[in-house]
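User: I have a model open and want to talk through how its pieces pack. Can you take my questions as they come?

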Amino acid sequence: MKRYILTLLAASILLGTQAQTKGDTDEILPEDTVEVSLPWPQNVQARLDTLMQDPLLERTQLGLLVYDLTADSILYSHGAKQTLRPASTMKLLTAVTAADLLGGDYRFRTTLRYQGEVKDSVFTGDIYCVGGMDPMFDASDMEAFVESIRNLAVDTIRGRFVAVTNFKEENLLGEGWCWDDDNPQLSPLLVDRKNEFMSRLVEKLREAGVVVDAPCTSGALPKESLTICSRSHTLREILLPMMKESDNLYAESVFFQIAASQGVRPAKAAHARQLIKKELAKAGVHDVPYRIADGSGLSLYNYVTPELMVRLLVYAYRSTKLFMQIYPSLPISGQDGTLKKRMLKTPAEGRVRAKTGTLSGISSLAGYLLTANNHTLAFCIINQGVMKNAEGRGFQDKVCVALCK
């Protein structure tokens, strides 16, 4: 009964978003799509068999698995046990683990604390900036910090500004990241996505008329310090841009929140890997080879199989708690996120909710799909060795169209 309700939920969401394009979905079809007069699911399998003749597959690797959640059976498989690089579909592992382990109301928190005294409008002591690796901390949050210090009725600060960054390990880059990529810096203290928190705070205080006679340093937070201000954002807020726009900084921040969930400081990437592996075990992944390096998919050391990805998607679908958190965050074909310009004016428009992935030589797509006869499918497609990523995206779109017709 729960699976039936979830299928109806997925159908109502997807069909509601595609109503405006329904009239022209049959007008534009890929030239190599073959119509066959066969019943479901043989007709879909025949279309996919035809796509397996694509010349692209003569010179590249393909891993593909489609699971019919409505029928509770594998619909199609091709190279599903191959170990391949997931690119940003790796974010599915991070998102599902975080949603299950932390919950949507979990908060990424940055806190301002102090130890000292105010006398004659002069603060003497230390101000501690406690980082919790919140990727959404921005200029408005910084203004709130500045205002909270001014509300202490001070016009001069003497002492130290202390950066408390023991939330995570010191490495600012992930394992296996390419040195020449536009990589995010994995700092516990972020403002507008940049690792310049302390200098920005001092700058804004001076702009507000506060005399700052205090060097910036790093150190530990004393237990007897008091809170001046705290700003935070929820996992639910962070999942949307992380998944819709494939934001790598957001994904790595979630990765380290997972690592920190057991209370160990500093949290390490190794801690997050262990917890994601436990999540995969809950999803039934026991006999599948894989390797986890980071939370975003930027690393060249990540390896998964389409079988692993689909098992995770099936697990998330069967849990109402997880499905209701993950499903809305996924890009919608032809409508938003990284799928906004894909599958337009095809039967797949508005029917696919999936995470994209792109690295040099890698193109991937994994998520959920609603068929014409209202079956909900979980699928994973990984194209590896593609010289042009547009080729991989084009092939994936053809697969989705074939499934949706």
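User: Which residues of helix 7 meet helix 8?
Analyst: This is a predicted model. In it, Phe255, Phe256, Ile258 and Ala259 of helix 7 touch helix 8. On the helix 8 side the partners are Ala269, His271, Ala272, Arg273, Leu275 and Ile276.

User: What classes of residue does the contact of helix 7 with helix 8 have?
Analyst: Eight are nonpolar, one is polar and one is charged.

User: At what angle do helix 7 and helix 8 pack?
Analyst: The angle is about 80°, and the axes are 7 Å apart. Helix 7, residues 248-260, is therefore roughly perpendicular to helix 8, since angles of 65 to 115 degrees count that way.

User: And helix 3, how does that cross helix 8?
Analyst: Helix 3 (residues 90-101) and helix 8 (residues 269-282) cross at roughly 85°, with axes that come within 10 Å. So helix 3 is also roughly perpendicular to helix 8.

User: Which residues make that contact?
Analyst: Helix 3 supplies Leu93, Thr94, Val96, Thr97, Asp100 and Leu101. Helix 8 supplies Leu275, Ile276, Glu279, Leu280 and Lys282. By class, that contact has six nonpolar, two polar and three charged residues.

User: How many bridges join strand 1 and strand 2?
Analyst: Five, in the antiparallel sense. Tyr67 has Ile74 of strand 2 as its bridge partner, and Asp68 stands opposite Ser73 of strand 2. The two strands form a hairpin with four residues between them. In that turn, Asp72 has a positive phi of about 55°.

User: Which residues of helix 11 are buried?
Analyst: The buried ones are Asn389, Gly392, Phe395, Gln396, Asp397, Val399, Cys400, Val401, Ala402, Leu403 and Cys404. Besides the sheet strands, these buried residues pack against helix 2, residues 42-51.

User: What span should helix 11 have, and how far apart are its end C-alpha atoms?
Analyst: Helix 11 has 16 residues, 389-404, and at 1.5 Å a residue it should span 22 Å. The end C-alpha atoms are 23 Å apart, which agrees.

User: Now the whole protein. How many helices and strands?
Analyst: There are 11 helices and 11 strands. The C-alpha atoms fill a box of roughly 85 × 40 × 40 Å along the principal axes.

User: What share of the residues is buried?
Analyst: Buried residues make up 57% of the 405.

User: And what share of the contacts joins residues at least 24 apart?
Analyst: It is 72%, among contacts between residues at least 6 apart in sequence.

Note on methods. Residues are numbered from 1 along each chain as its sequence is written. This is a predicted model: local features need pLDDT of at least 70, side-chain atom pairs count only at pLDDT 80 or more; totals for chains, interfaces and linings use all residues. Side-chain values use heavy atoms; hydrogens and water are left out. The expected span of a helix is 1.5 Å times one less than its number of residues. Buried means under 20% relative accessible area, exposed over 50%, partly exposed in between (1.4 Å probe, protein chains only). Contact means heavy atoms within 4.5 Å. Two strands pair if DSSP finds at least two bridges between them. Axes are lines fitted to C-alpha atoms, for helices over the stretch in contact, and angles run from 0 to 180 degrees between N-to-C directions. Angles under 35 degrees count as roughly parallel, over 145 as roughly antiparallel, 65 to 115 as roughly perpendicular and the rest as oblique. Ala, Val, Leu, Ile, Met, Phe, Trp, Tyr, Cys and Pro count as nonpolar, Asp, Glu, Lys and Arg as charged, and the others, Gly among them, as polar.
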